[in-house]
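Please work through the following exercises with the sequence and the model side by side, trying each task before reading its solution.

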Amino acid sequence: MPSHSNENLSKVYFQDFVLEGFGGGLETQAMLFTVFLALYMVTVLGNILMIIVITLDARLHSPMYFFLKNLSFVDLCYSSVIAPNALANFYSSSKVITFAGCATQLFFFSLLATTEAFLLGVMAYDRFMAICSPLRYPITMCQSACTRLVLGAYCGGCFNSVVQTSFTFHLPFCSSNRINHFFCDVPPLLQIACGNTAINELLLFGICGLIIVGVTFVILISYGYIIVTILRMSSGTGRRKVFSTCGSHMTAVTLFFGTVFVMYAQPGAIESMEQGKVVSVFYTLVIPMLNPLIYSLRNKDVKEALWRLGQKHTAM
């Protein structure tokens, strides 16, 4: 219930929010529930399988697969921050989420999504070192260095999450508590805030834009050197193997950063919530579902590891 005190506009007037989600009747909601459930189940199974295969197969205990295992873990977690609540709301009459629940969801979603962006940059750097400096690679990308890079990705995600969540939930929500989205995110929350959101929009576009541009710059520089190195290779087999490995990563990068840019790093993103819902489905459910498929179907080592795991399971 809203508070009726008008003395201090910095206070939060609503203790609950309503996630409006997608419109439509019961048939539309049933169809969307089925789609969301199918996407989420494939996401969970695909990413758990990827984590298990990389953990159990000693041949995949290399920096590239260490980062891929962390990517699968992040995909699994951040889709799980969104999907279960969204599925429950399709058949809920109230669609209510508490103020604390909304803040928690935003915090972990922002943390994990930002971490994924940094991890994709780290994976590009890993491929650059492996292909362009193979003699230095075992030393440069030792276990401790890989661990520090992953921790750095999480720290960067935590910083962005703390900033976005704290600034967003310091705003007063006194005009409406109905969020035009299927989960708590910064743009739809800014729409219903009754205070000045200029600083929040600047932080959203500024920090997210800086992260996207910075990580994209690292990826482009890394792949620029990789392409030059590939062109100098005399072996056609070597070229195909490198292109196969890097092609999977570039596919994942293009899908993730393309959708995130549309949602967070362009002017007018806050106003176009209907478009934002569709884009959000893509990067919260579709991309986490596709990543294990992209890295397994186009990767000979992962396919062989899956086959060996299947053989062991059959032999038991």
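**Exercise 1: strand pairing**

Solution. In β2, Val-18 has Val-96 as its bridge partner. Strand β1 (residues 16-19) and strand β2 (residues 96-98) run antiparallel and are joined by three bridges, whereas two bridges join β1 to strand β3 (residues 178-179), and these run parallel. In β3, Ile-179 stands opposite Leu-19. Strands (E, at least two residues) and helices (H or I, at least four) are DSSP runs numbered from the N terminus, and two strands pair if DSSP finds at least two bridges between them. The model is predicted: local features need pLDDT of at least 70 and side-chain atom pairs pLDDT 80 or more, while totals for chains, interfaces and linings use all residues. Residues are numbered from 1 along each chain as its sequence is written, and side-chain values use heavy atoms, leaving out hydrogens and water.

**Exercise 2: a residue in helix α5**

Solution. Thr-165 lies in helix α5. Not counting residues up to four places away in sequence, Thr-165 touches Ala-103, Leu-106 and Phe-107, where contact means heavy atoms within 4.5 Å. Thr-165 and Phe-108 are 57 residues apart in sequence, and their C-alpha atoms are 9.5 Å apart in space. The side chain of Thr-165 also reaches the backbone oxygen of Ser-161 at 2.8 Å.

Terms used
Polar contact = N/O pair within 3.5 Å; in protein donor to acceptor, adjacent residues only side chain to side chain.
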